[in-house]
Each structure stands twice: as structure tokens, then as C-alpha cells.
Amino acid sequence: MRFGHRAVAGFATLLLPFSALVALASPAQAATSATATYAKTQDWGSGFEGKWTVKNTGTTALSAWTVEWDFPSGTSVTSSWDADVTSSGNHWTAKNTSWNGTLAPGASVSFGFNGSGTGSPAGCELNGGSCDGTSVPGDAAPSAPGTPSASGVTDTSVKLSWSAATDDKGVKNYDVLRDGARVATVTGTSYTDSGLSKGTDYSYGVRARDTADQTGPVSGSVKVRTTGGTTEPPPTGDKIKLGYFTEWGVYGRDYHVKDLVTSGSAEKITHINYAFGNVVGGQCKLDDAYAATDKAYTADQSVSGTADAWDQPLRGNFNQLRQLKAKYPHIKVLYSFGGWTYSGGFGQAAQNPAAFAESCKQVVEDPRWADVFDGIDIDWEYPNACGLTCDTSGPAAFTNLSRALRAEFGQDYLVTAAITADGSDGGKIDAADYGGAAQYLDWYNVMTYDYFGAFDKDGPTAPHSPLTSYDGIPQDGFNSAAAISKLKAKGVPASKLLLGIGFYGRGWTGVTQAAPGGAATGAAPGTYEAGIEDYKILKNSCPATGTVAGTAYAHCGDTWWSYDTPATIDSKMDWAKDQGLGGAFFWEFSGDTANGELATAIDSGLK
């Protein structure tokens with residue numbers, strides 16, 4: 001995808017230190033010495049701002065902290081940040097968040113709150129000991145219990161059993177997690193969960209608590225399907241209708257998984273590609289852990305209508321996707337790795353395909369979210385050719401990587417790839433063995449867009465997603481029909497090819513000619529990036545004035561845009577069906593209108 005991460009590069013950089021801390025965290029263990037100190041940083045009479053600072057003064061890592069104190073009657077916390085603060089009467093408890101619990105020796109972290117009243121804290125305890133560091137306990141958190149086994153599955157219940165965790169001071173009880181949320185706390189090593197729905201998929205894990213109320217890591221997960229009921233068939237027919245959901249869209253774009261529900265798009269798609277995981281050092285990596293696994297959603301923001309709890313093991317996009325799949329069982333989710341920005345790591349991956357595939361499966365099957373993903377998508381831009389960087393792995397590299405992924409993931413997972421749509425002679429399709437690799441992949445997302453745009457600032461203006469060639473097209477082979485024809489000629493079955501649709505337009509400024517082929521002076525202004533704008537904006541700001549090669553274009557003032565509309569999508573879907581293609585995909589959900597009119601056009605057009 002051509003413009004994957006540019007809009008949030010700075011934000012992602014800010015997040016890296018926190019994700020790095022989480023990645024380096026060792027099993028929870030209190031340091032031999034730690035302190036907690038309090039300061040009143042502001043006072044406005046009836047209220048105040050307070051700050052606690054926790055410092056690891058010992059020699060071993062502190063991987064969790066809890067500060068407790070008492071306020072006199074009439075003094076309370078009204079809001080807080082960088083800690084999860086709760087109360088029982090006048091007793092207040094602050095626990096670390098998921099990203100600031102780990103403290104190396106000598107390191108410190110602060111959290112704050114606004115309070116009402118005039119009192120000061122008393123009776124401070126840190127991890128059950130004195131806040132001055134004289135009696136901080138040194139016990140380790142419990143180990144992970146064994147992966148639960150399921151038995152006695154009925155229409156509405158399942159019995160779970162697991163092997164015990166270990167702890168130096170003893171295990172007090174176990175939290176039972178269903179789909180990432182705690183449903184029970186039990187003292188034994190078994191639990192029967194009831195009140196379930198017929199014919200429904202659930203995922204269970206377990207974590208232990210010790211006598212100091214420290215929680216250990218979550219066990220592996222077990223998937224359970226209750227008996228009875230019927231599997232809901234996809235309401236979308238037998239064609240694939242896939243949309244990309246971008247990880248970073250939850251920031252500036254303010255687009256969340258729930259928007260797939262409110263727009264009606266979830267009812268009209270069959271698959272989601274979650275973009276993007278990174279490829280670093282030849283390995284698949286989680287990219288933005290905050291957006292993917294930790295961002296908390298309130299009840300009104302979440303798909304299920306239930307607010308995230310501070311101590312649940314999975315939040316963020318992944319948990320919202322889990323909730324989406326529970327609501328729409330026909331949807332399958334694939335984890336997409338690479339993209340325009342992150343394709344530089346594929347060259348090293350191609351040197352050891354088996355190790356790369358193993359690393360990818362470890363990410364996709366992480367016990368915290370193993371039930372979320374149904375497959376993996378590789379977006380290598382481009383094998384043995386140039387994208388943001390140039391690759392020289394050779395024409396067989398892509399096939400070798402695809403073979404390794406299929407061997408590692410087996411037949412129960414979807415394995416797919418987004419690929420170039422350069423149908424020119426000697427172009428990017430000719431640079432790799434896409435025909436040979438097809439046997440290992442379920443389908444190709446053929447990126448039949450971004451052919452032309454203001455990356456050629458002087459023009460000529462041309463539709464960025466032409467379905468066919470036309471008189472005056474700037475480059476032979478740069479159209480959907482040419483790409484699909486070339487891939488078929490290389491032996492790729494038509495049913496394994498998906499036609500790509502962009503939910504955005506590309507445009508130039510300084511254009512005087514309304515028809516395609518005009519000169520320009522640069523990129524037209526865009527909300528997030530010059531030369532690019534969402535369909536939901538363009539449909540009103542610069543309505544289409546004509547069509548060329550199956551794509552709409554518009555000349556507004558001195559700007560010229562090309563983009564797909566419901567009408568052009570309808571004609572493209574008719575063409576895809578005539579070609580026997582497996583369906584269509586689009587980049588990406590947030591470019592659509594609030595009522596999902598482009599996703600609706602794809603759905604109705606492929607029926």
C-alpha cells in the first residue's frame with residue numbers, strides 16, 4: 001500500500017520507548033528496594049493536583065508496582081493519569097498501567113491525579129511494604145498456568161481444566177478469561193463456564209494470582225465451540241470482499257473497529273486485512289503495541305458495548321476485532337505484514353524463509369490474541385524490484401517465502417499476498433515468479449491503483465486506477481486489465497485474483513485542462529498528504545465531472561482528481577465477475593463515507 005505509515009510517523013516514534021519497555025519486561029518481581037514519594041504540585045483551595053513517584057532503588061528489575069494510601073474523610077481523587085486508581089472507602093490504590101510497570105534498577109516513574117478536599121495521604125504502602133523502601137517484599141509473581149483443556153462441551157457450557165502455576169509464596173487463586181475478559185476467579189484448577197450461546201466460538205485462558213495479589217502471565221489459549229445452533233453463512237455470496245483496516249487510523253483519522261459496525265460495512269465484507277505488522281531483521285514483528293493491544297475503549301466506543309477493564313490482558317484493536325468477529329461470525333481477519341513503509345525487511349527474510357515464517361506464526365498465534373486471526377497476508381513492495389527501497393533477492397525469492405509460510409501455517413490458515421499490478425513488459429510482475437508462488441497462496445490482492453499520481457508532479461493528469469487502457473494513457477500496461485491478463489498468462493487461476501479498489505483519489509494542482517492528459521504544477525492539497533484525499537471528502541469537495549477507463553475524474557478550479565465512485569465500482573465489479581475473479585479488496589475503510597457507500601457498491605456489485 002503506497003501511503004501506509006507516513007501520516008503518523010512522528011506519533012509511532014513517540015510510542016516506541018514504551019513498547020520497548022514492555023518487550024524487555026521480565027517476569028514480575030519486586031526489587032529488593034523501592035520507594036514511593038508524594039508531592040502536591042498544585043493547590044487551588046478546594047482541590048489540588050498530586051503526584052506520586054515510584055523509584056526502583058534496588059539491583060533487580062521491578063516489573064509491577066502498587067501504591068496504596070489513606071486520605072482523611074472529605075478528601076478524594078477525582079481523576080488520574082498514568083495509573084489505574086481505585087478506592088475502597090478512604091483507602092486508595094494505584095496500579096501501574098500495562099506500559100509503565102517495568103522499572104530497571106535506578107529508574108523511576110510518576111503518576112498524577114486531581115483531588116478534592118484539603119487532606120494529605122497517610123499510611124503509604126508500595127507493593128505491600130513501606131514506601132520508604134525499608135520493607136519492600138521480594139517475592140516473584142506466579143508462573144503461567146498450563147493451557148486449559150476443554151471437556152463436557154454443551155450448547156451453553158464448557159468445563160475447563162489446567163495444570164497449576166507455581167509461586168515462591170503460594171498461588172492464591174486463578175482468573176479465568178473468556179475472549180480476553182475475566183469471567184471468574186477460582187481457587188482450584190478447573191471451572192465450568194455456563195450461560196454461553198449455542199454454536200458459538202470462544203477462547204479461554206487462565207492467569208494465577210499469588211498471596212500478594214500479583215498476577216502472572218496468561219496461559220496459552222484454548223478455542224471452544226459450543227454445540228447446537230447453525231453456522232451463519234456469509235451474507236455476501238461466494239465472492240471475497242476484503243477491506244484493509246489500518247492500525248494507525250485510530251489516531252489522526254479517529255477511525256475504529258466499531259465504525260465498521262455503525263457504517264454497515266461489517267455486514268457486507270468477508271475478510272479484513274489488519275495493516276501492518278513490521279518486518280525487521282527478517283522477522284515478523286508487532287508494530288504499534290498501544291494501538292493494537294493496549295488502547296482502552298469505553299463502553300460507547302467498543303463493538304460489544306462493554307468498557308475495557310484496566311487489568312484485562314488484551315485491549316486495543318485486537319480486542320475490538322475479537323468482538324467484531326463474535327458479532328459477525330462470517331468475517332475472517334488476516335494479519336498483514338509489510339506495506340510500502342515496512343517492505344525493506346523482506347530481503348533479509350528471503351535469506352531464511354523458514355525462520356521468517358516461524359517468526360510470523362509466533363506473532364499471529366500469540367496466546368493473547370490467537371483467536372483473532374485466521375491467516376496472514378504478505379505485502380512485499382516489491383520482490384526483486386524497487387518500491388520505497390530496491391530489492392535484489394532474485395525472481396525465486398517470493399516463491400520461496402510463500403512456500404515457507406504455507407509449510408509453517410498449514411492448511412487451516414489463510415495465506416495471501418498483496419502484489420504489484422504493473423502489467424508492463426518487463427515490469428514488476430515479470431520480476432518475480434508469481435505464477436509459481438500461487439500454488440502456496442489462497443489469493444492475491446492485486447493492487448490495481450496508484451498507477452498515476454502527483455508523484456509525477458508535472459503530470460500528465462491520468463486516472464490512478466484505470467480499469468483498461470485508453471488513448472493517451474501515459475504508460476502501457478498500467479491498468480487493471482493488463483495486470484490481470486499477465487497474471488493469468490503466468491498460470492495464476494482467475495479465482496485467486498482479487499481486483500483492487502482505492503477508497504481515495506489522487507490529484508494535481510495547477511491544472512487548466514478538464515480532460516485527462518493535462519499539465520500540472522504539483523500535488524493537490526490533501527487532508528493527510530498532498531496529492532491524496534479520501535473519497536468521503538472528494539465526493540462533496542470536487543464531484544466527478546467525467547469518467548475515463550472505468551474511473552471517475554473531476555476538475556475543480558485548478559485541481560484535478562481521479563477516484564472511484566459507487567457507479568464506477570459497480571462497472572468494475574461486473575468486469576471482475578466476467579473475468580472469473582475471486583472477488584475484490586479495497587484500501588482502506590476510513591476513506592469511505594459514514595454509511596459505507598463504497599463498501600456497499602462492492603458488495604452489491606459482486607452478488
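1. In this predicted model, Cys542 and Cys556 form a disulfide with their sulfur atoms 1.9 Å apart, and because the torsion about the S-S bond is about 105°, the disulfide is right-handed. Cys542 lies in the loop between helix 12 (535-541) and strand 28 (546-548), whereas Cys556 belongs to strand 29 (residues 551-556), so the pair ties together parts that are 14 residues apart in sequence. Cys542 is buried, with a relative accessible area of 2%, while Cys556, at 22%, counts as partly exposed.

2. A search of the whole structure finds four disulfides, and with the bonded cysteines numbered in sequence order the pairing reads 1-2, 3-4, 5-6, 7-8.

3. Cys284 and Cys360 form another disulfide, with a sulfur separation of 2.0 Å, which links distant parts of the chain, since Cys284 sits in strand 19 (residues 283-285) and Cys360 in helix 7 (residues 353-364), 76 residues apart. Both Cys284 and Cys360 are buried, and a torsion of about 55° about their S-S bond makes the link right-handed.

4. For Cys386 and Cys390, whose sulfur atoms are 1.9 Å apart in a disulfide, the value about the S-S bond is 110° and the link is right-handed. Cys386 is partly exposed at 39% relative accessible area, and Cys390 is exposed at 54%.

5. The Asp450 side chain makes polar contacts with the side chains of Tyr504 (2.6 Å) and Arg506 (2.8 Å).

Notes
Residues numbered from 1 in each chain as written. Predicted model: local features only at pLDDT ≥ 70, side-chain atom pairs only at ≥ 80, totals over all residues. Heavy atoms only, no water. Polar contact = N/O pair within 3.5 Å; in protein donor to acceptor, adjacent residues only side chain to side chain. Disulfide = S-S within 2.5 Å. Helix = DSSP H or I, 4+ residues; strand = E, 2+ residues; numbered from the N terminus. Buried < 20%, exposed > 50% of the residue type's maximum accessible area, 1.4 Å probe, protein only.
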